[in-house]
Amino acid sequence: MASNDQANDVASYATSVRAALSDLPPEQSEILLEDLEDHLREVAAEAGGPLTERLGPPEQYAQELRAAYGDARPGGKRPDPALRDLRRAIDRLTTSGWYRQVRAFLPELRPAWWVLRAYLVVLVLTAAFSRNYNLHPIPNPFSSRGLLEIVAAAIAIVLSVRLGRRNRQLAKGRRMLAIAANIAIALVAVPVLARMGTFPSYAMLETGGSGQSMQGQPLYMPNGAVTNIYPYSRDGKPLTDVLLYDQDGRPLTIGPKIGDVTTDYPTGADGQPITNAYPLRQRHFYGDPVAAPRVALPPWPSASPMASPTASPTSSPTR
Amino acid sequence: MNQAEVDTTQLLKGVLDLAVLAVLAEADSYGYDVVRRLRENGLDHVGDASVYGTLRRLYQAGALNSYVVPSEEGPHRKYYGLNNRGRKALDQSAQTWVTLSNALNHLLNGRSNGHGK
């Protein structure tokens with residue numbers, strides 16, 4: 001039989017079968033008959049001769065199909081149409097070309113995730129052990145703290161990659177555990193990443209104020225943030241424990257932590273810290289006290305208007 | 001179709017699921033190939049449409065997975081294979097079948113022995 005005749009035979013046979021099953025709900029007949037033609041072509045190619053000879057009349061074929069498909073449905077339980085639509089949509093998605101390309105590409109990204117997760121673990125641990133430390137996406141290698149972070153990250157990356165390569169041969173249960181652990185790392189890292197300020201002043205504001213019983217922030221002046229105040233007497237002597245108050249009589253407080261600088265407030269007789277005694281006693285994260293700045297004292301006029309008239313006219317500023 | 005064929009067809013219907021599952025347990029296969037393999041194994045009267053419908057139903061019931069294998073010359077073929085659920089169904093049905101056929105063989109043997117003497 002010529003292939004053209006065969007194609008016509010298949011087409012007309014399929015049409016008759018479909019017609020005989022036209023009373024089925026469309027989604028059901030679609031599933032049942034979706035590759036009927038392919039199947040019939042296969043039969044025709046094998047058998048030769050007209051299909052009716054091989055398979056009987058199309059109506060009978062349709063009856064048999066209906067009986068085999070519909071009769072023995074287990075428990076008469078029909079799948080929920082919404083669920084089946086969902087399953088078919090997923091089927092369609094998972095067989096589409098771009099999905100396969102994405103699926104094929106994703107494993108290539110595995111090593112990248114191994115590196116990233118190591119970085120995230122170090123970041124999360126840093127955040128957990130130093131609540132007010134100012135987190136940076138890339139730690140400062142010139143601070144002992146930052147250097148520690150970088151070394152820890154390097155070690156973590158090596159371990160993470162080794163672990164990742166080994167995990168490929170894991171048994172199913174352990175594999176699930178490993179996947180869960182990876183997801184946990186990603187989830188825990190999200191709030192830490194969100195907290196990581198990109199603007200230094202922002203980070204300072206936050207680390208200075210958040211979670212502390214004593215409120216305090218740097219003061220902002222037109223020429224930058226003020227983190228400490230160094231009072232001097234008129235004759236240039238540095239003063240200590242000068243109590244400062246604002247225009248409303250509130251203690252003027254700064255700190256207690258700004259960047260990697262920590263302030264030690266003196267404790268009063270009532271056990272409360274005295275937060276407005278200047279200069280503040282501050283130290284860096286690694287323990288060195290913050291040094292007082294060098295200051296240029298102003299030359300007072302020889303006859304000070306503030307001074308009493310009896311003051312010596314020869315007094316001059318000293319350093 | 002004579003009376004014997006009708007009887008065979010009726011008997012087959014009940015065990016067609018089992019037969020199809022057993023064929024697919026050997027190797028993944030497409031519709032027409034399942035028919036051919038059933039016939040090679042002596043199930044001559046199995047209807048093409050019955051096998052096709054059974055495959056579809058088992059697939060819908062979640063006992064099979066399926067994938068399309070494109071071919072250069074012929075039509076694309078939809079292959080079916082057993083998944084975990086299918087394998088479980090096969091194990092259960094096979095057990096039922098063995099019990100049932102043992103019982104029937106026993107009955108028939110008794111009859112033929114009694115009849116023969």
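Biologist: When α8(A) passes α9(A), is the crossing left-handed or right-handed?

Modeller: Helices here are DSSP runs of H or I with at least four residues, strands are runs of E with at least two, and both are numbered from the N terminus. A crossing counts as left-handed if the near helix is turned anticlockwise from the far one by less than a right angle, and as right-handed if clockwise. By this rule, α8(A) crosses α9(A) in a way that is right-handed.

Biologist: Thanks! What kind of model are we looking at?

Modeller: Residues are numbered from 1 along each chain as its sequence is written, while chains are lettered from A and ligands numbered from 1 in the order in which they are written. Local features need pLDDT of at least 70, side-chain atom pairs count only at pLDDT 80 or more, and totals for chains, interfaces and linings use all residues, as this is a predicted model.

Biologist: How are α8(A) and α9(A) oriented to each other?

Modeller: Their axes, lines fitted to C-alpha atoms over the stretch in contact, are compared by an angle from 0 to 180 degrees between N-to-C directions. For α8(A) and α9 (residues 144–166) of chain A, that angle is about 140°, and the axes are 8 Å apart. Angles under 35 degrees count as roughly parallel, over 145 as roughly antiparallel, 65 to 115 as roughly perpendicular and the rest as oblique. The two helices are therefore oblique.

Biologist: How many nonpolar residues does the contact of α8(A) with α9(A) have?

Modeller: Residues are in contact if their C-beta atoms, placed from the backbone, lie within 7 Å. On the α8(A) side they include Trp114(A) and Val122(A), and on the α9(A) side Ala152(A) and Ile157(A). Ala, Val, Leu, Ile, Met, Phe, Trp, Tyr, Cys and Pro count as nonpolar, Asp, Glu, Lys and Arg as charged, and the others, Gly among them, as polar. By class there are three charged residues and three polar ones, and the nonpolar residues number 12.

Biologist: And α10(A): at what angle does it pack on α8(A)?

Modeller: The crossing of these two helices is left-handed, and they are therefore oblique to each other. Among the residues that make this contact are Leu120(A) and Val124(A) of α8(A) and Ile185(A) and Val188(A) of α10(A). The residues divide into nine nonpolar, one polar and one charged. With axes 9 Å apart, α8 (residues 110–129) and α10 (residues 172–195) of chain A pack at an angle of about 50°.

Biologist: Which helix gives the largest share of the side of chain A that touches chain B?

Modeller: The contact takes 20 residues from chain A and 18 residues from chain B. On the chain A side, α2 (26–33), α3 (36–47) and α5 (58–71) each supply at least two residues. That side has 12 nonpolar, one polar and seven charged residues by class. The largest share, seven residues, comes from α3(A).

Biologist: Which residues have the most contacts inside the largest nonpolar core?

Modeller: A residue is buried if 20 or more other C-beta atoms lie within 10 Å of its own, exposed if 12 or fewer and partly exposed in between, with C-beta atoms placed from the backbone. A nonpolar core joins buried Ala, Val, Leu, Ile, Met, Phe, Trp, Tyr and Cys residues through C-beta atoms within 7 Å. The largest core has 39 residues, and those with the most contacts inside it are Leu65(A), Val20(B) and Val51(B).

Biologist: Which helix supplies the largest share of this core?

Modeller: Leu65(A) touches Leu32(A), Ala49(B), Tyr52(B) and Gly53(B), not counting residues up to four places away in sequence. The largest share of the core, six residues, comes from helix α1 (residues 3–26) of chain B.

Biologist: Is Asp241(A) buried or exposed?

Modeller: Asp241(A) is found in the loop between β2 (224–226) and β3 (242–243) of chain A, and has a positive phi of about 50° although it is not a glycine. With 12 other C-beta atoms within 10 Å, Asp241(A) is exposed.

Biologist: How far apart in space are Asp241(A) and Pro279(A), C-alpha to C-alpha?

Modeller: Pro279(A) lies in the loop between β6 (277–278) and β7 (281–284) of chain A. A cis peptide bond, with omega about 0°, joins Tyr278(A) to Pro279(A). Asp241(A) and Pro279(A) are 38 residues apart in sequence, and their C-alpha distance is 6.5 Å.

How values were computed
Contact = placed C-beta atoms within 7 Å.
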